[in-house]
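I opened this notebook to record what I looked up, entry by entry. The entries follow the order in which I turned to each topic.

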Amino acid sequence: MEEPSPDQSATVNRWFRRLPATLSPKNSVLAEISGAVGDLGTYIPIVLTLTLVSHLDLGTTLIFTALYNIVTGLLFGIPMPVQPMKSIAAVAVAESTHLTLPQIAAAGLSTAAVLLILGATGLMSVLYRYLPLPVVRGIQLSQGLSFAFTAIKYIRYDQDLVTSKSGGSRSWLGYDGLLVALISCLFLILTTGAGDSHNGEPSSSESHNGSESRSGRRTRRLRMLSMIPAALIVFLFGLLICFLRDLSVLKYLKFGPSKLHLLRITWEDWKIGFVRAAIPQIPLSILNSVIAVCKLSGDLFPDREASAMSVSISVGIMNFVGCWFGAMPVCHGAGGLAGQYRFGGRSGASVVFLGIGKLILGLAFGNSFAQVLSEFPIGVLGVLLLFAGIELAMASKDMNSKEESFVMLVCAAVSLTGSSAALGFGVGIVLFLLLKLREFDCSSCSCFGFHKMKPESDAEEEEQQQGTLLLA
């Protein structure tokens, strides 16, 4: 392959230097683009389900989420994801009486109002500052494992997205067969490994042992593999399968964006949307969309940690802009950030690339593109979701003491069993306080109203000790 000339490299570098610092790629451009599709394993199934069941306009959602991606990439400087509000989506399609589009919008606006108030008043920052780390790690672990469990279902079983239920075991052959999913999974493992970077040089000990050349070859090979935009290739492979499965989808494509129109939300819509969907969504948004994503951003990008105030306000403003026009309620999510980082996203440029792609599709095909997405192999989406979930769960590896691990695991177990991050959060907080109370030293301060007087001098302390000995 021909190497770029020095003049070409200098031109590219000068072009990138003109970009805002938040959009300057921290990785290769292909790696940033590959990272951009890292959260589509969550995005596509939820958006497609809402489109089929609740008549969500895909074109409108693509355009608004594209604008959100571009703005958040510019403001945060990290691959900050824009994902569906999962609890609202689950309620909208899972219950016997599906939510209407105005009711979904009302739920999103109600949740956004709470997050906007918490962020603007600084209460979210206070919560983030004093929340115990083991509890946060428990929420992240439960969310990551939940993604992984869902991904395994996508891979192993046929899925009915309309009813959100699994069918029989997936066949080995076919365009959406188990073999296609396994090939995609093996390709991602071989190219990205466990998600570690391989930019380091051989260690001095290896050089002294005469293994420098062997280690150097291994490092170069791993570096070359990591430069492959693996997630992008898998996504394009799935997109190709869409057309191979049913070429007739091409005739359903219509050029031009969807027409924007304001939703008419009645008082009954507000009441139903808030009670049925916003109430379960609010704690999930606070914990996973703000607290967990800020903590994960600090772990992955120590010099660019997102503030709880800015993330909370961002979620509020996004939904106050788009929900009135029927766009899907969205938030930021730790799982999406983990997935985009896992596949190469290192800067705001990653989500800007994703936003540009969504904007092109939304403006070019509008709601008709849903016919193409309906043919996307669910097993391939499951593979992308699996890697994103495992990456998020691995954020909990820094729990070093047995006490921290105990709190984290109990919090995660309750969250998974009860299908409620709020329940796991409450149990985790109570458990953390009980363990701290157990270690509380009553002899050093007031305990049950009695005070231990501290001697004013060493001589007085010695005199008290002598008095104690005489009494004995």
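**Entry 1**

Where is the place of H55? I located H55 in the loop between α3 (40-53) and α4 (58-76). I note at the outset that the model is a predicted one. I looked up the backbone of H55 and found phi near 60 degrees, a positive value in a residue other than glycine. I then checked the accessibility of H55: its relative accessible area is 65%, and because the cut-off for exposed is over 50%, H55 counts as exposed.

**Entry 1. Helix α15**

Is helix α15 buried or exposed? I found that nine of the nine residues of α15 (residues 334-342) are buried, so this helix is largely enclosed by the rest of the structure. I listed the buried residues of α15 as A334, G335, G336, L337, A338, G339, Q340, Y341 and R342.

I next looked up how α15 packs against helix α18 (residues 378-393). The axes of the two helices lie 8 Å apart, and the angle between them is about 105 degrees. The helices α15 and α18 are therefore roughly perpendicular to each other. From α15, the residues in the contact are A334, G335, A338, G339, Y341 and R342. From α18, they are F387, A388, E391 and L392. By class, I recorded six nonpolar, two polar and two charged residues in the contact of α15 with α18.

I noted a general point beside this list: an α-helix has 3.6 residues a turn, so residues three or four places apart point the same way.

**Entry 2. Just after α15**

I followed the chain past the end of α15. Just after this helix, G344 takes a positive phi of about 120 degrees. L30 has 45% relative accessibility and counts as partly exposed.

**Entry 3. Helices α7 and α14**

I turned to another helix pair, α7 (residues 123-130) and α14 (residues 308-322). They pack with axes 8 Å apart at an angle of about 130 degrees. That angle makes α7 oblique to α14. The crossing of α7 and α14 is right-handed. Which residues make the contact of α7 and α14? I recorded M124, S125 and Y128 from α7, and A308, M309 and S312 from α14. The classes in the contact of α7 with α14 are four nonpolar and two polar, with no charged residues.

**Entry 4. Salt bridges**

How many salt bridges does a search of the whole structure find? The search gives nine.

D299 and R137 meet through their side chains in a salt bridge, at 2.7 Å from N to O. This pair links distant parts of the chain, since D299 lies in helix α13 (residues 267-300) and R137 in helix α8 (residues 133-156), 162 residues apart. D299 is partly exposed at 36% relative accessibility, whereas R137 is buried, with a relative accessible area of 1%.

D158 forms a salt bridge with R170, and the closest N and O atoms are 3.6 Å apart. D158 counts as partly exposed at 35% relative accessibility, whereas R170 counts as buried at 6%.

E403 and K436 also meet in a side-chain salt bridge, at 3.6 Å from N to O. E403 belongs to helix α19 (residues 402-418) and K436 to helix α20 (residues 421-438), and 33 residues separate the pair. E403 counts as partly exposed at 23% relative accessibility, and K436 counts as partly exposed at 38%.

Conventions: Residues are numbered from 1 along each chain as its sequence is written. This is a predicted model: local features need pLDDT of at least 70, side-chain atom pairs count only at pLDDT 80 or more; totals for chains, interfaces and linings use all residues. Side-chain values use heavy atoms; hydrogens and water are left out. Axes are lines fitted to C-alpha atoms, for helices over the stretch in contact, and angles run from 0 to 180 degrees between N-to-C directions. Helices (H or I, at least four residues) and strands (E, at least two) are DSSP runs, numbered from the N terminus. Angles under 35 degrees count as roughly parallel, over 145 as roughly antiparallel, 65 to 115 as roughly perpendicular and the rest as oblique. A crossing is left-handed if the near helix is turned anticlockwise from the far one by less than a right angle, and right-handed if clockwise. Contact means heavy atoms within 4.5 Å. Ala, Val, Leu, Ile, Met, Phe, Trp, Tyr, Cys and Pro count as nonpolar, Asp, Glu, Lys and Arg as charged, and the others, Gly among them, as polar. A salt bridge is a side-chain nitrogen of Lys or Arg within 4 Å of a carboxyl oxygen of Asp or Glu. Buried means under 20% relative accessible area, exposed over 50%, partly exposed in between (1.4 Å probe, protein chains only).
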